[in-house]
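Have the sequence and the 3D view open while you read.

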Amino acid sequence: MSTSILAPLLLPRRWEVLTNRAKEAGLDPSDLVERVASAESRVDQLLSRIQSGSGGVFEIFLGKSGSGKTTFVKSLPKFFENIHITSIPPSENLENLPEIIKSKNQEAAGKHKIVLIEKRDNPRKEDIEKSKENFISWLDFLREGEGNIVILWTMTDISAAKEISEIAWNVGRDSICAHDTKGVFNFTGIDKQKFYDIADNTALNLSGDGLEAYGLSREIAAPLIDTSETISDFYQQVISESEKSTTHFKSLIKERGQPRLWVLLHGDDRSAIGHTVGSLTQGSHWQVDLSRILDTIDDSNNTATYAKEWRKRRSNAGQLLRALDARVFAVPPNVSVNAVRCFGDTIVKNALGNKSGSKTAAASSLRSTPVYKELLIVLGREASPSKASGKISDTTVKEYQAIQALARNNDEKLNQAIGRLFEYTLREDGLNFEVSIEKRSNLISGIQADIGIRVGSAEFVCLEPTWRSKNGGTSEQNTLSEGHIKPYLLEKALKYITAMDM
């Protein structure tokens, strides 16, 4: 199970791969493409030429391999209105281009037509030899109404681009090529200063995590940008860099064990708990939202010791939190009260008006929580979607506030109660996994979790309850706000990282 925590960074370096990955994620691939202003302006000029009555036009987009030429052209409908793209693959004879375009007339009616000659970035000898007769066959067509098209041929071969553009110019001059470029536009691609943000956004949309989760802060990525000529070069370098750090952490985990740090946020107001958890987590598995958490570390006004220690690890802080599988879960007051009634000792039970309860009902309330559902998933069991139970009574809220007031001096006893509820519920569900509750014995590399559930030979789900109240009370732990939970999470995570020597 531990090998799945640190997933590899996958950044699509080609349009075809980006299309497939975006489809899997339910996204439009063009939404992940950054505009290239110079190339966009050039396309606008070519379209304007057609609208002025100068007829169709041919142009080579010449640029380095991996600079994003094909991606740019395929994404033009995002940046221009009423654009229709027709791709001519290598299997098609370019001499037949007019017939291919005519067959698309109905589909492209009322739109600006752009033809992409793709996957011939390094033209074969026969492509060059046939180019003269191809241009001759296109000449009359480009002068007709049906030939009001922009033909773009993406290339990386400089000499082939020079030779083919000269042939085009000699055959038809400005009846085929634009006079200012004579058939060759130098495509420079995305500005380097945008490389990190594009890669970060792409990773975030396709995987749910940005580059920070893969050990790639801006600090680490900066020298990689300097040595990358194209966005594809940068993608390859960050993938390689991420593989190094991922391999390092996986080796540590294999040697020392895998702790999963799951914070349980107990509180007296379900809405407030949900709001805080929602603001600190992302996705359907309640993983911490790295951007929110790392902002706390980056705040120069934060002079707390934990923040200073995290800044020493800032370059890979995001990956460290992912290596710990850090998550935050909401625990509503009815679950907390049920746990104390059924499994608390006399000290904490005495705070309650109703000191007894049904273990069956308590287990049922725990089963409805996201944390129990996620625990089942980690254990390889099926789990139905979590859902909130019915309305929580004012009496239950007051009972919770009474036990929360004990948290300052008796949080261990409260933790024991919730831990025993987990243990009882797992066993009722036929899952006899080892549960360590407040024993302060080492689970993994010196880590002392409040509640440790062994889910593998050297893998634990480490539950860290924190007992909070929206309305205050006599305890110092009197807030459910995001600003109070983030430091708690980071302090806990720091202890784990220190114990693991990560």
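1. Start with the open sheet: five strands, lined up as E2-E3-E4-E1-E5, with parallel pairing. Keep in mind that you're looking at a predicted model.

2. Which strands stand at the edges? Those are E2 (83-88) and E5 (184-186). Each has a single partner strand, so one side of each is left without a neighbour in the sheet. On average, neighbouring strands here are turned by 25° against each other, direction ignored.

3. Now zoom in on the E2 end. E2 and strand E3 (residues 112-117) run parallel and are joined by six bridges. If you want a landmark, look for Ile85, which stands opposite Ile114 in E3.

4. Next, the helices that pack on this sheet. Helix H2 (residues 37-54) touches strand E1 (57-62), E2, E3, strand E4 (149-155) and E5. The direction of H2 makes about 170° with that of E1. Helix H6 (residues 125-143) packs on the sheet too, touching E1, E3 and E4. For H6, the angle to the direction of E4 is about 165°.

5. Last stop: Gln282, which sits in strand E7 (residues 281-282). What does the side chain of Gln282 make a polar contact with? The partner is the side chain of Asp209, at 2.9 Å. Leaving aside neighbours within four places in sequence, Gln282 is also in contact with other residues, among them Gly208, Val288, Leu290 and Arg322.

Key. Residues numbered from 1 in each chain as written. Predicted model: local features only at pLDDT ≥ 70, side-chain atom pairs only at ≥ 80, totals over all residues. Heavy atoms only, no water. Pairing = 2+ DSSP bridges. Helix = DSSP H or I, 4+ residues; strand = E, 2+ residues; numbered from the N terminus. Axes fitted to C-alpha atoms, helices over the stretch in contact; angles between N-to-C directions. Contact = heavy atoms within 4.5 Å. Polar contact = N/O pair within 3.5 Å; in protein donor to acceptor, adjacent residues only side chain to side chain.
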